[in-house]
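Me: I am new to this structure and would like to learn how to read it feature by feature. Could you take me through it slowly, giving the general idea before each case?

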Amino acid sequence: MAQSLAKKINKNLVDVRDLHKDYYTVAGTISVLKQVNFSMDTGDYVAIMGPSGSGKSTFMNILGCLDQPTSGEYALDGNQVAKLSANALAQTRNQTIGFVFQGFNLLSRVNLIDNVALPLVYAGVEKTERQARAKVLLKKVGLELHMQSMPNQISGGQQQRVAIARALINNPRLILADEPTGNLDSSTSEEIMALFSELNQDGISIILVTHETEIAAHASRQVRFLDGRIVQDERSKEITSRLSMEAS
Amino acid sequence: MFSAMLGEAWRAMGANRLRTFLTMLGMVIGVASVVLMMAVGQGAQESVKQSINAMGSNLFIVLSGSFTAGGVRSGSGNSSTLTVVDANAISELDGVANVAPISTGGGQAVFGSNNWSTTITGTTPAYLNIRSWELEDGFVFSASDMRSATRVALVGKTVVDNIFGDIDPIGKTIRIKQNPFIVLGVLKSKGQSLDGRDQDDTIVIPLTTAQRKILGNQFAGSVRQIIVQATTPEMMPMVEQNINALLHQRHKIRDGADSDFFVRNLTAVANSAAETTRTMSLLLGAIASVSLLVGGIGIMNIMLVSVTERTREIGIRMAIGARERDILLQFLLEAIVISVIGCLIGLALGISGAMLVNKLAQAAVVISGNSVLIAFGVAASVGVFFGYYPARKAARLNPIEALRFQ
């Protein structure tokens with residue numbers, strides 16, 4: 001009921017219908033995703049949970065336009081992703097989506113400011129503007145003193161902040177975070193999750209993959225995968241009430 | 001965008017300096033050897049060309065035949081069958097540019113207390129045109145000198161060095177076989193001929209003077225040889241045929257009888273010499289190109305390793321929005337930057353190597369803009385050609401697999 005209420009006030013950002021994903025191996029066909037239906041509104045904050053091998057990472061990769069489903073439909077911001085060319089997919093990853101990975105995935109030979117500015121290179125932005133925008137975002141994640149440092153000179157938590165800044169640089173509509181706190185200790189994890197909550201309050205939609213319930217609790221909606229299917233999909237109570245209050 | 005990518009390429013190269021250097025080394029050696037080999041090859045061609053030009057172009061030599069006395073046959077050029085009149089008749093033929101009858105003989109030149117035995121060449125002023133021989137100083141004897149058999153002389157550089165030393169020879173009187181001659185001019189140095197003779201060791205005097213006063217031919221007006229210059233290389237076969245026909249007629253030689261003269265085509269000798277050096281420089285270039293090719297394969301090898309090593313980086317770049325062509329361009333640029341820098345170093349090495357060869361071996365080298373341009377172009381194309389496959393391999397990576405790559 002809360003979902004249908006939210007739909008009225010928010011535009012539909014992610015819409016997945018009847019999604020299948022099969023992998024073909026020598027041992028035979030493995031169905032990783034089976035008939036997955038999922039939709040998400042702009043501004044929502046979703047945590048995807050499930051044990052290893054449940055298909056949550058594959059689902060994330062398809063949502064991130066890095067992988068293609070075997071069958072089914074995926075519309076991102078109203079566009080059918082299957083119809084997009086390779087270049088359009090790259091542009092979508094560049095402009096609409098921001099990725100945050102478990103292993104941070106910063107370029108090790110590149111200093112922090114250039115790491116943050118890298119997506120702008122592929123967006124064709126001039127150097128001075130790239131640097132200026134990267135500076136603003138590094139300041140936002142509290143790393144303005146480390147702009148010229150290399151990734152291996154800062155801590156894991158700081159590296160993840162840099163990765164988040166990089167994900168934000170093109171003002172994406174959707175942040176996809178795959179186990180963003182998986183390599184971090186609990187206090188650093190809390191800092192990162194606080195940052196995500198702040199971003200969500202700024203209006204950015206977030207999908208977060210995790211297997212920790214405490215981390216998932218930060219999201220407003222929890223989706224649980226098991227054996228390639230969504231087995232549970234519920235909203236946190238206080239957030240549901242907040243949404244309904246805003247709606248009224 | 002492009003400058004950012006160039007910066008990326010530079011950074012990637014800097015990340016593993018030793019490997020970049022070794023990769024470049026292949027290119028450096030390739031380009032350096034191409035430049036050096038081409039410089040040496042072209043130098044050799046150039047010096048042969050100079051020798052040929054010094055000899056004169058499109059030339060025939062008509063030699064008088066041998067004579068037989070008491071069963072002993074003399075060599076060619078010793079009978080007195082060719083005459084100045086023959087030379088005049090040849091000059092009337094189509095396609096003949098210049099004709100110079102020549103009589104030569106040995107003789108001693110004396111100036112003051114110095115003497116020097118040299119070759120005395122009696123000829124007409126046309127001889128100098130045919131041999132494209134200019135004067136360093138003074139002037140050439142005239143047609144009236146020819147008519148009145150004046151005792152005037154043009155002296156070669158070697159003769160000047162040996163009997164005059166530092167004294168200016170113009171207007172001085174030398175004695176050749178006891179006859180006083182006034183030195184009218186000094187011939188420009190021509191150096192060695194193709195067969196190694198010192199071409200500057202000679203004294204040129206009017207043919208008439210030589211015949212009457214110095215060489216003492218048996219028959220007045222006979223000459224040892226006639227040099228004929230055709231107007232163009234294409235005319236040469238026709239001119240040769242016509243000379244043969246003319247002299248047969250003039251000397252009243254019946255069909256089938258032995259000729260009393262020979263016609264020699266000098267261009268054939270020159271052409272074969274030029275051909276030899278051309279083949280040699282082609283060969284040198286081919287050998288050098290192989291090393292360039294090997295350098296290119298080295299670049300491809302390293303780029304393939306680099307793509308594999310940086311698979312994860314490629315995955316990250318794709319995840320944040322790099323298109324296939326961005327990745328392609330990045331790796332291609334890296335290969336091109338390596339080959340172009342390698343090429344520049346190779347050029348510098350090759351050119352200094354060529355200069356060293358010039359200094360140490362005294363061999364002529366020619367570093368032409370063309371060879372530098374070719375080496376540069378080849379290096380850039382080697383970069384593109386051998387960089388393309390690894391770059392395409394990188395661009396075609398599946399983003400997911402690239403991201404998972406450890």
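This is a predicted model: local features need pLDDT of at least 70, side-chain atom pairs count only at pLDDT 80 or more; totals for chains, interfaces and linings use all residues.

Me: How many helices and strands does chain A have?

Reply: Helices (H or I, at least four residues) and strands (E, at least two) are DSSP runs, numbered from the N terminus. Counted in this way, chain A has 9 helices and 10 strands. A residue is called buried if 20 or more other C-beta atoms lie within 10 Å of its own, exposed if 12 or fewer do, and partly exposed in between, with C-beta atoms placed from the backbone. Of the 248 residues of chain A, 45% count as buried.

Me: In what order do the strands of the open sheet in chain A lie?

Reply: Two strands pair if DSSP finds at least two bridges between them. In chain A an open sheet of 6 strands has the order β6-β7-β8-β3-β9-β10, with mixed pairing. Its edge strands, β6 and β10 (229-235) of chain A, each pair on one side only. As an example of one pairing, β9 (residues 221-226) of chain A and β10(A) run antiparallel and are joined by 6 bridges, with Gln222(A) opposite Glu234(A).

Me: Which strands pair with β7(A), and in which sense?

Reply: Strand β7 (residues 174-178) of chain A pairs in the parallel sense with β6 (residues 97-100) of chain A over 4 bridges, and 5 bridges join β7(A) to β8 (residues 205-209) of chain A, which also run parallel. Leu176(A) is the bridge partner of Phe99(A), and in β8(A) the partner of Leu176(A) is Ile207(A). From β7(A) the chain crosses through helix α7 (residues 186-201) of chain A to β8(A), and this β-α-β crossover is right-handed, a word used when, with the strands pointing away from the viewer, the path from the first strand over the helix to the second runs clockwise.

Me: Which way do the residues of a strand point, and are those of β7(A) buried or exposed?

Reply: In a regular strand the side chains alternate between the two faces of the sheet. In β7(A), Leu174(A), Leu176(A) and Asp178(A) point one way and Ile175(A) and Ala177(A) the other, and all are buried. In chain B, strand β7 (residues 152-155) has both faces covered, with Val152(B) and Leu154(B) on one side and Ala153(B) and Val155(B) on the other, all of them buried. This β7(B) runs parallel to β9 (residues 179-187) of chain B, to which 4 bridges join it, and pairs in the antiparallel sense with β10 (residues 202-206) of chain B over 2 bridges. Val155(B) has Val186(B) as its bridge partner in β9(B) and stands opposite Ile203(B) in β10(B).

Me: At what angle do α1(B) and α11(B) pack?

Reply: Axes are lines fitted to C-alpha atoms, for helices over the stretch in contact, and angles run from 0 to 180 degrees between N-to-C directions. Helix α1 (residues 2-15) of chain B and helix α11 (residues 324-361) of chain B pack at an angle of about 65°, with their axes 9 Å apart. Residues are in contact if their C-beta atoms, placed from the backbone, lie within 7 Å, and among those making this contact are Leu6(B) and Trp10(B) of α1(B) and Leu333(B) and Val337(B) of α11(B).

Me: How many residues of chain B are in contact with chain A?

Reply: 15 residues of chain B are in contact with 21 residues of chain A. At least two residues of the side of chain B that touches chain A come from each of α1, α10 (311-319), α11 and α13 (399-404) of chain B.

Me: How many residues of α10(B) are buried, and what do they pack against?

Reply: Helix α10(B) is mostly covered, with 7 of its 9 residues buried, including Ile314(B) and Arg317(B). The buried residues pack against α3 (86-95) and β6 of chain A together with α11, α12 (369-395) and α13 of chain B. Just after α10(B), Gly321(B) takes a positive phi of about 115°.

Terms used
Residues are numbered from 1 along each chain as its sequence is written. Chains are lettered from A and ligands numbered from 1 in the order in which they are written. Two residues are in contact if their C-beta atoms, placed from the backbone, lie within 7 Å.
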